[in-house]
Amino acid sequence: EISVSLSICRKMSRTATVARKTKETEISVTINLDGTGAHDVDTGIGFLDHMISQMSKHGRLDITMRCKGDLHICDHHTAEDCAIALGEAFDKALGDRKDIKRFAHAYCPLDEALTRVVVDISSRPSAHVELNLVREKIGELSCEMIPHVLESFATEARMTLHVDNIKGKNDHHKAESAFKALGVALRHAISADVGAGVPSTKGVLS
């Protein structure tokens, strides 16, 4: 019975596509939660592409994203709206949130940097991010936008997210270890826990 249930679970399609268009950005994103980590990301901000690709690869999330944004103004609208669209797609693909582990954490190092990520697929948006970044920018992405990207993603994905840089000197390493850890934590949190039903005593996670 368990093997049959697992087989059915694996065959379920957990994919979604979101299109978002405002006066500031035009975005399309497709996500497959049961992918291989394939990614094709072009936001117009190279370092943001790099971070989303890390999350994709280590989360085994297939992500295709395109964005045309008002980068002649600054990076804020593009970075924020990409995170919003990605979070919306994640939430849509996840569906009713049944038979998943719900809670997970991951520690990922990158050389001297080490970051811890803890997630709860709770349907209660809450994000707490401490990356201790000191540079103004990494590539063309403002360092102040990196926590905001994580917060915006968590809000739209309707999850609780804690991200804490434990140690590190290089801001690129700190940020990258965070997105890698996010991918790993998400991979475990949304993995099958057959028979769990809705993982809440309330009987609902929606």
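**Note on a predicted protein chain**

1. Glutamate 176 is in contact (heavy atoms within 4.5 Å) with His50, Met51, Gln54 and Leu110, its neighbours within four places in sequence being left aside. Glutamate 176 belongs to helix α5, residues 171-189. Helices here are DSSP runs of H or I with at least four residues, strands are runs of E with at least two, and both are numbered from the N terminus. With a relative accessible area of 8%, glutamate 176 is buried. The term buried stands for under 20% relative accessible area, exposed for over 50%, and partly exposed for what lies in between, with a 1.4 Å probe and protein chains only.

2. On the origin of the model: it is predicted, local features need pLDDT of at least 70, side-chain atom pairs count only at pLDDT 80 or more, and totals for chains, interfaces and linings use all residues. Residues are numbered from 1 along each chain as its sequence is written, and side-chain values use heavy atoms, with hydrogens and water left out.

3. The chain as a whole comes next. Its secondary structure consists of 5 helices and 10 strands. The C-alpha trace spans about 55 × 40 × 30 Å along its principal axes. The radius of gyration of the protein chain is 17 Å, which agrees with the value near 17 Å for a compact globule of 206 residues. That radius is taken over C-alpha atoms, and the globule rule is 2.2 Å times the number of residues to the power 0.38.

4. Of the 206 residues in the protein chain, 49% are buried. Among contacts with a separation of 6 or more, 77% are between residues 24 or more positions apart. The accessible surface is about 9,800 Å², and carbon and sulfur atoms hold 50% of that area. Such areas come from the Shrake-Rupley method with a 1.4 Å probe; for residues, only the protein chains shown count as cover.

5. On charge, the chain has 26 positive and 29 negative side chains, and the centres of the two sets lie 6 Å apart. Lys and Arg count as positive, Asp and Glu as negative, and His and the chain ends are not counted. The place of a charge is taken as NZ of Lys, CZ of Arg, CG of Asp or CD of Glu.

6. Which residues have the most contacts inside the largest nonpolar core? They are Phe90, Val119, Phe153 and Leu186, in a core of 58 residues. A nonpolar core is a set of buried Ala, Val, Leu, Ile, Met, Phe, Trp, Tyr and Cys residues joined through side-chain atoms within 4.5 Å. Apart from neighbours within four places in sequence, phenylalanine 90 is in contact with Ile31, Leu33, Ile121, Phe153, Ala157, Met159, Leu186 and Ile190. In soluble globular proteins, nonpolar side chains tend to be buried together.

7. Isoleucine 63 sits in strand β4, residues 62-69. Isoleucine 63 counts as buried because its relative accessibility is 0%. Beyond four places in sequence, its contacts include Val29, Ile31, Val41, Ile52 and Leu86. Glycine 35 is 28 residues from isoleucine 63 in sequence, and their C-alpha atoms are 8.8 Å apart.

8. Two residues other than glycine have positive phi. Arginine 60, with phi of about 55°, is in the loop between α2 (46-59) and β4. Arginine 60 is partly exposed, at a relative accessible area of 36%. Serine 123, with phi near 70°, is in the loop between β6 (113-120) and β7 (126-130). Serine 123 counts as buried, at 13% relative accessibility.

9. Valine 129 lies in strand β7 and is buried, with a relative accessible area of 11%. Residues up to four places away not being counted, valine 129 touches Pro147, Leu150, Glu151 and Val163. Valine 129 and histidine 162 are 33 residues apart along the chain, with 5.9 Å between their C-alpha atoms.

10. Threonine 155 is in helix α4, residues 145-157, and is partly exposed, at 39% relative accessible area. Its C-alpha atom is 9.9 Å from that of aspartate 91, 64 residues away along the chain. Proline 199 lies in the segment after α5 and counts as buried, at 18% relative accessibility. Between the C-alpha atoms of proline 199 and phenylalanine 103 there are 9.5 Å, and along the chain 96 residues.
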